[in-house]
Every structure is written in C-alpha cells, then in structure tokens.
Amino acid sequence: MAELKLEGSGGYVIAELSEELAAKSKLVPNIDKCFLAPVGKLTEKDMHKHFCNKCESEFDGPPKYQIEETPNEQIADGLILVERGQYICQKCSSIIGEYRVFDNK
Ligand SMILES: [Zn+2]
C-alpha cells in the first residue's frame, strides 16, 4: 500500500492505494503524477484527505460522493459501466474529481 496524491479536475485526494491501483492511477508510466479518474471508486476509509481548489484548502477525511448515473451500460464486449459520479468537497460541494465503476464480466 502507498499513500498517493491523486489529481482531479477541481482538486486532489490523498488516498492509500494498492500497488495495482497505484499503477493504474498513472496515465503515463514512469511519471510522478497520479490521477483520480483511472482508479475507479475509492472507499471512504482509503481516502485520508482532500483538497478543494474553490476553498483553496485541504480537509481531513474523504470527500463526499455524488452519484451522477447508474447506467449499467455495455461499453465494450463484457465491460459494463455500472456507476458514474464525482467526488465533491465536504464543505462547498464543488467537484474534486470523477470516478467510474466498471463490471468486467
Ligand atoms: Zn470546497
């Protein structure tokens, strides 16, 4: 497990990730920046802090979830998009970043 800073469109989340997820979070291998979007939906207990660009501050604890849709839509052969949503700031509800949950059949 590693604690990483994951960038989103409106801030970042500090989360603890397995090596597998940590590798997924890097869009380009061998660069230091990690991103929220590729890692799926993180559990609240894995997210330790979040930073909101609008509040310009870092908060202890996880951001809130905002579920946008649960389409259960087939994206590719055997790959189903189950849920799409955002991580939002605890204080002002601005979007920190987004997540997607896939079911790989
Ligand atoms: Zn905020």
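This is a predicted model: local features need pLDDT of at least 70, side-chain atom pairs count only at pLDDT 80 or more; totals for chains, interfaces and linings use all residues.
**Exercise 1. Describe the order of helices and strands along the protein chain, and explain why the chain counts as being as compact as a globular protein of its length.**

Solution. The protein chain contains one helix and nine strands, which follow one another in the pattern β-β-α-β-β-β-β-β-β-β. Its radius of gyration is 14 Å, whereas the globule rule gives 13 Å for 105 residues; the two values are close, and the chain is therefore as compact as a globular protein of that length. Its C-alpha atoms fill a box of roughly 40 × 30 × 20 Å along the principal axes, and 25% of the 105 residues count as buried. As for contacts between residues at least 6 apart in sequence, 50% of them join residues at least 24 apart.

**Exercise 2. Work out the strand order of the open five-stranded sheet, and explain why one side of S3 and of S5 is left without a neighbour.**

Solution. The order in this sheet is S3-S1-S2-S4-S5, and the pairing is mixed. Strands S3 (34–35) and S5 (57–60) stand at the edges with a single partner strand each, so one side of each has no neighbour in the sheet. Within the sheet, S1 and S2 pair in the antiparallel sense over seven bridges, and Ala-2 stands opposite Leu-17 in S2.

**Exercise 3. Characterise the hairpin of S7 and S8, and state which residue there takes a positive phi.**

Solution. First consider the pairing: S7 (residues 73–76) runs antiparallel to S8 and is joined to it by three bridges, with Ala-76 standing opposite Leu-79 in S8. Then consider the turn, where two residues lie between the strands and Gly-78 takes a positive phi near 80 degrees.

**Exercise 4. Decide whether Ile-31, Glu-56 and Ser-93 count as exposed or partly exposed, and place each of them in its loop.**

Solution. Ile-31 is found in the loop between helix H1 (19–25) and S3, and because it has 8 C-beta neighbours inside 10 Å, Ile-31 counts as exposed. The C-alpha atoms of Ile-31 and Glu-3 are separated by 16 Å, the two residues being 28 apart along the chain.

Glu-56 belongs to the loop between S4 and S5; with 8 C-beta neighbours inside 10 Å, Glu-56 counts as exposed. Its phi is near 55 degrees, a positive value in a residue other than glycine.

Ser-93 lies in the loop between S8 and S9, and its 14 other C-beta atoms within 10 Å make Ser-93 partly exposed. Although Ser-93 is not a glycine, its phi is positive, at about 65 degrees.

Note on methods:
Residues are numbered from 1 along each chain as its sequence is written. Helices (H or I, at least four residues) and strands (E, at least two) are DSSP runs, numbered from the N terminus. The radius of gyration is taken over C-alpha atoms; the globule rule is 2.2 Å times the number of residues to the power 0.38. A residue is buried if 20 or more other C-beta atoms lie within 10 Å of its own, exposed if 12 or fewer, and partly exposed in between; C-beta atoms are placed from the backbone. Two residues are in contact if their C-beta atoms, placed from the backbone, lie within 7 Å. Two strands pair if DSSP finds at least two bridges between them.
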